[in-house]
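Reader: Hi! Could you walk me through the aromatic side chains in this one?
Author: Happy to, here it is.

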Amino acid sequence: MIVYHGSNMIVDKPKLIEQNRFLDFGYGFYTTTNKQQAENFAKKIVVRRGGTPTVNVYEIEDDFAHEILNVKRFHAPNEEWLDFVSAHRNGTYEGEQFDLIIGAVANDDVYRTLQVYSTGLLTKEQALEALKIKKLFDQYVFATHEAIALLKFIKAVEV
């Protein structure tokens, strides 16, 4: 399987870097199977930090990863996903730790729904209903050194 990582530089040796903000699935190296999503993120990161918008391409043996890693897969943005993402975004997650987490990405539009939900203005049911009409892409988050070690760098492409 091919996954993409949007950045402001070539990342031929992915690593875990201390993050200064709370993300959907917590600490980890974020990738996606959607090249356009990676391109968009690369362009956004360059605006904030400078550099060159770059999509890094990796290969991973998906079946093998599932055999040797502790994997959490969300098949849809359901109640469990909403709780998981909300807890990570709020910095309050204290549940099981995973090597690889797979599920829908909370893009800017989805993030607004999550913010409104977090303030209590939407019930869980209303938030989930609002998410059903959003176009959600996927993300693969490599959260441990063991998981990152399975990524094989293929190339980097300037966008």
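Author: First a definition: rings of Phe, Tyr and Trp (its six-membered ring) pair if their centres lie within 6.5 Å, and planes under 30 degrees apart count as stacked, over 60 as edge-to-face and the rest as tilted. This is a predicted model, where local features need pLDDT of at least 70 and side-chain atom pairs count only at pLDDT 80 or more, while totals for chains, interfaces and linings use all residues. Residues are numbered from 1 along each chain as its sequence is written, and side-chain values use heavy atoms, leaving out hydrogens and water.

Reader: Thanks! Which residues form the aromatic cluster?
Author: Phe25, Phe74, Phe84, Tyr93 and Phe98 form one cluster.

Reader: And how are Phe84 and Tyr93 arranged?
Author: Phe84 and Tyr93 pair edge-to-face, 4.9 Å centre to centre with 65° between the planes.

Reader: Is Phe84 buried or exposed?
Author: Phe84 is buried (under 20% relative accessible area; exposed is over 50%, partly exposed in between, with a 1.4 Å probe and protein chains only), at 7%. Tyr93 counts as partly exposed at 23%.

Reader: What lies over the face of Phe74?
Author: Lys72 does, at 5.2 Å from the ring centre. A charge sits over a ring if NZ of Lys or CZ of Arg is within 6 Å of the ring centre and within 35 degrees of the ring normal.

Reader: Switching topic, what does Phe74 touch?
Author: Leaving aside residues up to four places away in sequence, Phe74 touches Phe25, Glu80, Trp81, Phe84, Ile101, Ile102 and Gly103. Contact means heavy atoms within 4.5 Å.
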